[in-house]
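I wanted to look up two things today and keep a record of them. The notes begin with the contact between the chains and then turn to strand pairing.

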Amino acid sequence: MSELRSNLREEFRDRDYRHAYADESLNTWIATQIKVLREQRRLTQKQLAEMTGMAQPRIAVLEDVNYSSWSINTLRRLAEAFDLRLSVKFEAFSSLIPEIEGMNREALERPQFEDDGWFHKKDVQSEDSEILRNAREGEGQKYHHRHASVLQFPQQPSSGFLGTGALIASGAGAQ
Amino acid sequence: MPWTIYDYRDRRNRNPVKEWCESLQKKDLARLNQRIDILAQSGHDLCPGLASNLHGAPHLYKLRINGSVAVRLFLCKGPINMNTEYTLLHGAFERDDELPPGTLETAEEYRQEIIRDPVNRRGLHERAKK
């Protein structure tokens, strides 16, 4: 087990600690993904501001990991400008670990619709079954099934506890 | 590419960065540890605002955590291997947008001590726990 996994496995047993850590991770992920998606599309902050009807300084604020007052409406406007769908999900804490371990530019990039290969292939039958299976299982559940025996996180309370929120701009079919 | 994180060690081989981190409230420490984890995984260039440059201290960076208090942790790239390492140097609390007098000078002094004696004046990062 990596040192990071070992640390988080112990530290996340504390409820306040894991929620604070996950909040900070959410801020880091969104701010960084906005910057990465803008750069992937070769847009300046000024151009993105014009596309979203915001001022350039506002984009600079959103592209800062220290910002935390996200609104879904603002993220929707950004998703439309990036030609992506916005995905808002509640996730189990164990799903945070691969996100931290895999934090790099490639993991944050998403293709806009025109470059989203699945929509532009002639023969997609073989891929359809995989895509539908993934959609049924859900990303969080898939991860849980594959790694639960390795991570062995304590069970979450079952009465209405939803874990941390995740706001992720996703390209359709992108992993 | 993952980065190696070091902590400054004083003349008595104590780890003042770890001691300072352990003085933080639990939620602030969680936020700070998250930033250090991301720094170790991605470096500071990918995530905007993760570690900001400082006017008048060209070799230093600042991690900012705005929790119950304004937590500031000063660090540098390297200073021995600039492509694979960061060293955490000195922690402070900012009040009314002001750092305690001498904060940046202390961090820079520690960086210089490490450059002069890298074997004894730093060690691998020790994670603070509550």
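The entries below record what I looked up, one topic at a time.

Entry 1, the model. I am working from a predicted model, and I keep that in mind for everything that follows.

Entry 2, the contact between the chains. I looked up how many residues take part, and found 22 residues of chain A in contact with 19 residues of chain B. I then asked which helices of chain A each supply at least two residues of the side that touches chain B. They are helix H1 (3–11), helix H2 (15–40) and helix H6 (96–101), and the largest share, ten residues, comes from H2(A). By residue class, this side of chain A divides into eight nonpolar, eight charged and six polar residues.

Entry 3, strands E2 and E3 of chain B. I found that strand E2 (residues 52–54) and strand E3 (residues 57–66) of chain B run antiparallel and are joined by three bridges. I noted B:Ala57 in E3(B) as the bridge partner of B:Leu54. The hairpin of E2(B) and E3(B) has two residues between the strands, and in this hairpin B:Gly56 takes a positive phi near 85°.

The hairpin that joins E3(B) to E4(B) passes through three residues. As a landmark for this pairing I wrote down B:Leu63, which stands opposite B:Leu73 in E4(B).

Terms used:
Residues are numbered from 1 along each chain as its sequence is written. Chains are lettered from A and ligands numbered from 1 in the order in which they are written. This is a predicted model: local features need pLDDT of at least 70, side-chain atom pairs count only at pLDDT 80 or more; totals for chains, interfaces and linings use all residues. Two residues are in contact if their C-beta atoms, placed from the backbone, lie within 7 Å. Helices (H or I, at least four residues) and strands (E, at least two) are DSSP runs, numbered from the N terminus. Ala, Val, Leu, Ile, Met, Phe, Trp, Tyr, Cys and Pro count as nonpolar, Asp, Glu, Lys and Arg as charged, and the others, Gly among them, as polar. Two strands pair if DSSP finds at least two bridges between them.
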